[in-house]
Amino acid sequence: MIQSAQVASKFTLFTHHAKTFPDLVTALRNSMLRAGVFKDERTAEEQVVSVLNFDIHLAKNFRGKRYVERVTECIPVEDKNEYTFDHRKEKTLEGKLDKFMDNATHYFTKSTNRELYKHVNILEYHDGEYIITNKISDANIREMINNMDETDAEEFSKFAQKHWNTTVKQFEDETEKTETKKHRKKAKMEI
């Protein structure tokens, strides 16, 4: 499932029995390790997180009726270079050692405790109604709207404006802007 979601598919749907989103990530990671697809936990988890955009979690009430309990977004945490070269500016050996220790602390934290993802509930069911609890990440909003027809995109834009005070437009990414600028330059040159 993880491998097929990584190549040539707009989306992948599957069912699971995890109680929480972190449990889902752990279960998928461990399945990949057991299957021998990966030998390293961190690498397996990175692959899982790279394909899980949303988890639509169902629950069953006491009458046996199923309902959507929550929609959770998975946001991969990008690895940022937080190292500095401030030690070069230090005049004393003690100052240089302090800066070195700061960088060493960043390194070991990233090596041992690096967070690979955040999970955020977007929608939750409370007391008989659905409540929008958090905004969808800009990256997922962009992906979603760029895969909608004009009518759906317009409705989604209204929804985003109403609930998150966010203005979104179709095909508003850097490559699209670049292509549009190139096309405009070419058109001007032909005139």
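1. Let me start at Phe21. Setting aside neighbours within four places in sequence, Phe21 is in contact with Leu52, Asp55, Arg70, Thr72, Cys74, Tyr117 and His119. Please keep in mind throughout that this is a predicted model.

2. Phe21 also belongs to the largest nonpolar core, which has 14 residues. Along with Phe21, the residues with the most contacts inside this core are Val25, Val48, Leu52 and Tyr117. Two or more core residues come from each of helix 2 (21-34) and helix 3 (41-51), and helix 2 gives the most, with 5 residues. Apart from this core lies another, of 9 residues, with Ile122, Ile136, Ile141 and Trp164 among them.

3. For the overall layout, the chain has 7 helices and 4 strands. In sequence order they follow the pattern α-α-α-β-β-α-β-β-α-α-α. Among contacts with a separation of 6 or more, 54% join residues 24 or more positions apart.

4. Val77 sits in the loop between strand 2 (66-76) and helix 4. Is Val77 buried or partly exposed? Val77 counts as partly exposed, because its relative accessibility is 29% and the buried class requires under 20%. Beyond residues up to four places away in sequence, Val77 touches Arg114, Glu115, Leu116, Tyr117 and Lys118. Of these, Glu115 is 38 residues from Val77 along the chain, yet their C-alpha atoms are separated by 6.8 Å. Tyr117, listed here as a partner of Val77, is also in contact with Phe21.

5. Now to the surface. In soluble globular proteins, nonpolar side chains tend to be buried together. Against that background, please look at Leu93, Leu97, Phe100 and Met101, which form a nonpolar patch on the surface with about 450 Å² of accessible area together. Leu93 is placed in helix 4 (residues 93-113). With a relative accessible area of 63%, Leu93 is exposed, since the cut-off for that class is over 50%.

6. For the chain as a whole, 23% of the 191 residues count as buried. The accessible surface comes to about 14,500 Å², and carbon and sulfur atoms account for 52% of that area.

7. Lastly, a word on confidence. The chain averages a pLDDT of 83, and 85% of the residues score at least 70. Over residues 174-191, however, the pLDDT is below 50, and this stretch has 2 contacts in the model beyond near neighbours in sequence.

Key. Residues numbered from 1 in each chain as written. Predicted model: local features only at pLDDT ≥ 70, side-chain atom pairs only at ≥ 80, totals over all residues. Heavy atoms only, no water. Patch = residues over 30% accessible without salt bridge, like charges linked within 9 Å, V, L, I, M, F, W, Y side chains within 5 Å. Areas by Shrake-Rupley, 256 points an atom, 1.4 Å probe, with all protein chains shown as cover. Salt bridge = Lys/Arg side-chain N within 4 Å of Asp/Glu carboxyl O. Buried < 20%, exposed > 50% of the residue type's maximum accessible area, 1.4 Å probe, protein only. Contact = heavy atoms within 4.5 Å. pLDDT = per-residue confidence, 0-100. Core = buried A, V, L, I, M, F, W, Y, C linked by side-chain atoms within 4.5 Å.
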